[in-house]
Amino acid sequence: MATATHANQSQTDIRIMKNKNKDTMVGFIIGGLAACGAVTFTNPWEVVKTRLQLQGELVRAGALTESARPYHNSFQALKVVLEHEGIRGAQRGLSVAYIYQICLNGSRLGLYEPVFSTVKKSLDLTSNGSILAASVFSGAFAGVVGAVLGSPLYLIKTRRQSYSPVFKTIGYQHQMGSSWSALSQIYRTEGIKGLFRGADAAMARAGVGSAVQMPTYMLGKDMLIKRFGFPDSVSTHFATSMFTGVLVCLAMNPFDVISTRMYNQGVDPVTGKGLLYKGPSDCFIKIVKIEGVRGLYKGFLAHYLRIGPHTTLMFVFMEQLKSIYNRHLA
């Protein structure tokens, strides 16, 4: 009898494990698809943000000449890009951005709930404070994992988006062929270290962003639905994610600037070292020392115009995809 009971328990445990693995995989796929849908619409603002963050790199405020400052604000910058480079220029880096979004947001959205549930259950958390802490940890952990997986793709995406055939003074201008050939070239000349150049900055960026984004959205949505009686609808998801986007942008912009600069800087062909920055800390110090604290918030509006709608679209797409899955495939 004891043997039969033990066997039944083992089979139950296996089924639970399979269901958890299935839920994690479904979450990864839905998260990746939702992020791809969102980035299709928001990629032009990512191009603008990248260029604004690189414009006037390590130049003291007020010392930048007019000819070296083609982009004056986010909307004017988008207009300039469209005028000189067309839709293809505004959507520069989109193809590699799709794969990056699957790696980053597939991990972030797919891992958040299983990690949160595991931490909450393992530590038997019940208080609001401990649950919030677990939520922040889960969001940060999922973000860091996604950043590591997607780092080589973010490297290529950043370098593609910084490139302008018209304005050659915006950041370091990398000449690249296809994304695959660019990755192969970096690997041949710089090795694995070159492919993950800037990954430490990206981990901080994604960790901070996810630590704010995931808990704020999940807890905010639950609060609107359970405490204020909002329906579990697209309008509720929209309101929650727009507010989430503001907080994410405020927290993440300095890390985003550092990440952009670390990825885009030129590399010494002999030593394989970055031409401007030794690492994220060195980048932070140089930006603050030369450009001031405002340098950390370059491209802020473009960042929000990207991340606000991206957050909104991503979560709305995610909720709709979850609903479709639960109705037809579960």
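Over residues 25-45 of this predicted model, the chain is 100% helix and 0% strand, with the end C-alpha atoms 30 Å apart.

The packing of nonpolar side chains was examined next. The largest nonpolar core contains 20 residues. Within this core, the residues with the most contacts are Leu-109, Met-214, Met-218, Met-314, Phe-315 and Met-318. Two or more residues of the core come from each of helix 1, helix 3 (94-122), helix 4 (128-162), helix 6 (199-227) and helix 9 (300-328). A separate, second core is made up of 16 residues, among them Val-96, Ala-147, Leu-155 and Ala-182.

Met-314, one of the residues with the most contacts inside the largest core, touches several residues beyond its neighbours within four places in sequence. These partners are Ala-34, Ala-35, Ala-38, Asn-105, Arg-108, Leu-109 and Gln-213.

Gln-53 belongs to helix 1, which covers residues 2-54. This residue counts as buried because its relative accessibility is 0%, and the cut-off for buried is under 20%. When residues up to four places away in sequence are not counted, Gln-53 is in contact with Asn-253, Asp-256, Val-257, Thr-260, Arg-261 and Lys-298.

Backbone angles were considered in two loops. Most residues other than glycine have a negative phi. Leu-58, in the loop between helix 1 and helix 2 (74-90), has a positive phi, near 55 degrees. Its relative accessible area is 22%, so Leu-58 is classed as partly exposed. Asp-124 also has a positive phi, in this case near 50 degrees, and is found in the loop between helix 3 and helix 4. With a relative accessibility of 61%, Asp-124 counts as exposed, because the cut-off for that class is over 50%.

Definitions and conventions:
Residues are numbered from 1 along each chain as its sequence is written. This is a predicted model: local features need pLDDT of at least 70, side-chain atom pairs count only at pLDDT 80 or more; totals for chains, interfaces and linings use all residues. Side-chain values use heavy atoms; hydrogens and water are left out. Helices (H or I, at least four residues) and strands (E, at least two) are DSSP runs, numbered from the N terminus. Buried means under 20% relative accessible area, exposed over 50%, partly exposed in between (1.4 Å probe, protein chains only). Contact means heavy atoms within 4.5 Å. A nonpolar core is a set of buried Ala, Val, Leu, Ile, Met, Phe, Trp, Tyr and Cys residues joined through side-chain atoms within 4.5 Å.
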